Amino acid sequence: MKPSFLIAAPMSGSGKTTIARGLMALLVSKGLTVQPFKCGPDYIDTKFHEAVCGRPSINLDTFMATPGHVRWLFSHYGTDADVRIVEGMMGLFDGYDRDRGSSAEIARVLDLPVVLVVDARSAAYSMAPLLSGFIHFRDDVHVCGVIFNKVGSTRHYEMLREVCDDLGIACLGYLPKHAAMEQHSRYLGLDFSEEAGTNELIEQLEAHVDWERMLALYDTTTKGLDNLAPLAETENRRQQRLVVARNAESFSFVYQEALDRFSEVVTFDPECTVPTLESGDLLYLPGGYPEKHLPALVANEPARLAIKAFAEDGGTVVAECGGMMYLCQRILTDDGTYPMCGVLPYSITARTADRKLSLGYRRFVLDGKEYRGHEFHYTQFAGEAPESITQVYNAKGTPVPTPILKYKNVLASYTHLYPL
């Protein structure tokens, strides 16, 4: 079996994204083909993965997909890889309902060993009860090794190694305190536009982490994940031409599987190119940060007019979050008002005073079909929010005020759908 493992942490902020990205880059530098995966609906960390692995990172989410489909995704996208690395989300057991939907659930579904990244900057032997709890909390979650982060000295690391020796768990190494290697936060999530010291990170991990031992630790009973019949690809492939807005930042929040479901995918950049929509079966406007690039979007009036004409003529459009904002009449910022496509008769405010976080899983039923997805934004509708054509619920079944909008053959909302 090819080495496969999940990198998790006791809590958010422990450094798992930094170490996961660094390990991916390190293994790629050794000539290995690494297939990255990400637990949960995150569409930002996956961009770090893709940047260092040279191939799209795939989301694994047990709220938005069935366990069987998660297993198929892991097998299908990892078929030609030498190593499969899954980056967890939040703390190992943090899910939408206790540990449902958590990284631990993904580890159970895929039978993956877990490498725990632990922030050790303010503790030594007190790590023993913490690690013991994570190791023994669930019999069906196998924590196979530990990497310590933000270690102050070699003496500090020796004390942490004693903890692992006493607990009988592999101590795989550490990363020293180093501010230059920490990820920077920006607006929503992480700044995927920065390399954030990848080369230095590789050097530090190679010097302090026993990555060869980590690969050798993979010895697990599997559920036949490398032998699943590839029927889902042919069954789910839509014989349609998808036209999708893609840009490094404005329209970038895309689940790779959504694109792979179409027989043909054509991309365009709303900031500088005009889409050819006459032969397109579906126009997809995904989320991103359009509010950060409004002058360019306004300047490309031919693209906005082409999209408006396509929608008015009955073309099928799916617009999510930033894509929905782009379809509205205008976007308001602290710097002024910017006209958008004008398909939807609403204004969106991105003004600092109006910022409000809306976050969480979403599900709703429309025309007899259940849709699932995730919402994560700070912008809001200016004034009163429009009326929704259906009730939206969160993961626990509680109604939420997220509106689902329908105009002709346009479906738009703040929810990033999985899949299309």
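Mentor: Start with G54, which has a positive phi of about 75° just after α2. Helices here (H or I, at least four residues) and strands (E, at least two) are DSSP runs, numbered from the N terminus. This is a predicted model, where local features need pLDDT of at least 70, side-chain atom pairs count only at pLDDT 80 or more, and totals for chains, interfaces and linings use all residues. Residues are numbered from 1 along each chain as its sequence is written, and side-chain values use heavy atoms, with hydrogens and water left out.

Trainee: At what angle do α1 and α7 cross?

Mentor: Axes are lines fitted to C-alpha atoms, for helices over the stretch in contact, and angles run from 0 to 180 degrees between N-to-C directions. The axes of α1 and α7 cross at roughly 85° and come within 9 Å. That makes α1 and α7 roughly perpendicular (65 to 115 degrees; under 35 is roughly parallel, over 145 roughly antiparallel, the rest oblique). On the α1 side, T18, I19, R21, G22, L23, A25, L26 and S29 meet T198, L201, I202, L205 and E206 of α7.

Trainee: In what order do the strands form the sheet?

Mentor: Strands of a sheet pair through backbone hydrogen bonds, either parallel or antiparallel. Two strands pair if DSSP finds at least two bridges between them. Here 7 strands make an open sheet, ordered β3-β2-β4-β1-β5-β6-β7, with parallel pairing. At the edges are β3 (58–60) and β7 (170–176), each pairing on one side only. From one strand to the next, the twist averages 25°. Look at β1 (residues 4–8): it pairs with β4 in the parallel sense over 4 bridges, and F5 has I85 in β4 as its bridge partner.

Trainee: Which strands does α4 touch?

Mentor: α4 packs on the sheet and touches β1, β2, β3 and β5 (114–119), its direction making about 170° with that of β1. Another helix, α5, lies across β5 and β6 (143–151) and runs at about 150° to β5.

Trainee: And the aromatics: how many pairs does the count come to?

Mentor: A pair of aromatic rings is described by the distance of the centres and the angle of the planes. Rings of Phe, Tyr and Trp (its six-membered ring) pair if their centres lie within 6.5 Å; planes under 30 degrees apart count as stacked, over 60 as edge-to-face and the rest as tilted. The count comes to 15 aromatic pairs. Take F37 and F74: their centres are 4.9 Å apart and their planes at 40°, so the pair is tilted. F37 sits in strand β2 (residues 34–39) and F74 in helix α3 (residues 67–77), 37 residues apart, so this pair links distant parts of the chain.

Trainee: Are F37 and F74 buried or exposed?

Mentor: F37 counts as buried at 0% relative accessibility, and F74 is buried too, at 1%.

Definitions and conventions
Buried means under 20% relative accessible area, exposed over 50%, partly exposed in between (1.4 Å probe, protein chains only). Contact means heavy atoms within 4.5 Å.
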